[in-house]
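Here is a short report on disulfides and the strands around them. Look at the sequence and the structure first, then read on.

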Amino acid sequence: MTDKKGGRRALLASSAFLAAVVIAAIVVPLALNSGKVPGHAIAVSQSGPWQWGSDRIPPYENGIDSWIVGDDLVLVNDTYAVAYARSDGKERWRIPSPSGHFCGASTSVVDNHIAVGYGDLCSSAAVLDVNAGKLMWQRAMPITSSGSPSEAKLDEHAVLEIVGGSVVVVHYQQLLGLDAATGAVRWSEVTPPTDEKVYSNCIPSDGMRRSADFVLLSHCSAKDSGNNLYVAVAVDPATGKTKQHNEFVKSTSYLTMAWVSTSPLVAYLSDASKGLYETLDDSLEPVSTIEAGDALNGFMGDDGFGYSLSGISNGTSHRRSRALVTGTTMIALTSPQKPNRLAAFDLRTGAKRWEAPAPGGGIVAAPLAVEGGQVIAVVSAGQDSPDQRIVKFALDTGAVTPVRTVSLTGSGDRRLTGVFCLGFAEACGIAF
């Protein structure tokens, strides 16, 4: 249950969710009021003496994503897209949502372009030129979902990716390809897989760019038994046709699933109490499984209980994991109860390599990046403390080296102000 106060969304009531949302908020770049959708703008070598706090940021409800593009930090939230100069923090440009609110964005910047969704029921799309600070084109998407109107109203988000000259959009039970240069419709498909002899009632959960492909996660029912099937699908972005597919988990009822990485392919699945990470090879066959454990003690997703259990977005808004994949290693952390732990896993076997607590009994908010054989993470001294630490964990052993303590600025709830400073190291002038 949520309410609004001073333009901010209240934290969830339960203590477990309270801790989870607080820590998630710390790692969402400028996601002032949500803490639900982690971004990924990381540039740990950039230094600068500036810091933006809640007293200087125009208000909004939900952060969507963020990117480092050349000399700029680019962010998209539900209300506007904005670029800040990394050297001094000055705002370079800001674009409001053309109508309604922004409701999705591509995970990768392709030729300085980002695809965004916006409008009522996320029914329109555009491509943003991040250098010029303008929308190249805007268009209403011809959504012809086979779902009922009541189901469509639930789906106020979309997955968008720029790949192979197309903006591939997942919107409930439809897959759509728009020309990346003009916005013209190139193709439209019922969300695959569509083999009616094998599958029924397939609903997409997440999609991301994988090299020249678009890879999709779908939840289906087995035609013969009605069992749950969790299917990975590679789609040709030029035509929308399925190139390959494979059901990698069967007969388990998961509420949410999302991609953690596409190089290699790592999927996260969870129900209300437990979850798992599944690594797939290039042919979409499972390679290893990492049991994520239960909601209070396991190595879980972005909010400690998985990706989204609300059902509000029907699972079709890509939600970044707080796990980090580098090579054949995945860095994950337990749910943010104090003290929690950071751990490294071998994706080839699923075996745990090491596990380490936060130094000084703090709370590990998230791994931010891997540089020079070390995992750079942010550690909170406590929910009500303005002091946060940047910490390095050795990638091969988990050995800890505290780097710097940063006091956060900004009026209001200090448990949320961490998002402005620690979601991306350069905003605090932290240089490694």
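Which residue in strand 16 is the bridge partner of Gly207? The partner is Leu216. Strands here are DSSP runs (E, at least two residues; helices are H or I, at least four), numbered from the N terminus.

This is a predicted model, in which local features need pLDDT of at least 70 and side-chain atom pairs count only at pLDDT 80 or more, while totals for chains, interfaces and linings use all residues. Residues are numbered from 1 along each chain as its sequence is written, and side-chain values use heavy atoms, with hydrogens and water left out.

**Strand 16 and its partners**

Strand 15 and strand 16 run antiparallel, joined by nine bridges. Two strands count as paired if DSSP finds at least two bridges between them. The hairpin of strand 15 and strand 16 has two residues between the strands. In this hairpin, Ser211 takes a positive phi near 55 degrees.

Strand 16 also pairs with strand 17 (residues 228-235). Their sense is antiparallel, over eight bridges. Ser218 stands opposite Val231 in strand 17. Five residues lie between the strands in the hairpin of strand 16 and strand 17, where Gly226 has a positive phi near 80 degrees.

How many of the ten residues of strand 16 are buried? Nine are, so strand 16 is largely enclosed by the rest of the structure. Buried means under 20% relative accessible area; exposed means over 50%, and partly exposed lies in between (1.4 Å probe, protein chains only).

**The disulfides**

A disulfide is a covalent bond between the sulfur atoms of two cysteines. Here, a pair of cysteine sulfur atoms counts if they are within 2.5 Å. The structure holds two disulfides.

| Disulfide | S to S distance | S-S torsion |
|---|---|---|
| Cys103 and Cys122 | 2.0 Å | about 90 degrees |
| Cys202 and Cys220 | 2.1 Å | about 115 degrees |

Take Cys202 and Cys220, which form a disulfide. Cys202 lies in strand 15 (residues 199-210) and Cys220 in strand 16 (residues 213-222), so the pair ties together parts that are 18 residues apart in sequence. Cys202 is buried, with a relative accessible area of 9%. Cys220 is buried at 0%.

Now the other pair. Cys103 is joined to Cys122 by a disulfide. This pair links distant parts of the chain, 19 residues apart. Cys103 is in strand 7 (residues 102-105). Cys122 is in the loop between strand 8 (113-118) and strand 9 (124-129). Both Cys103 and Cys122 are buried.
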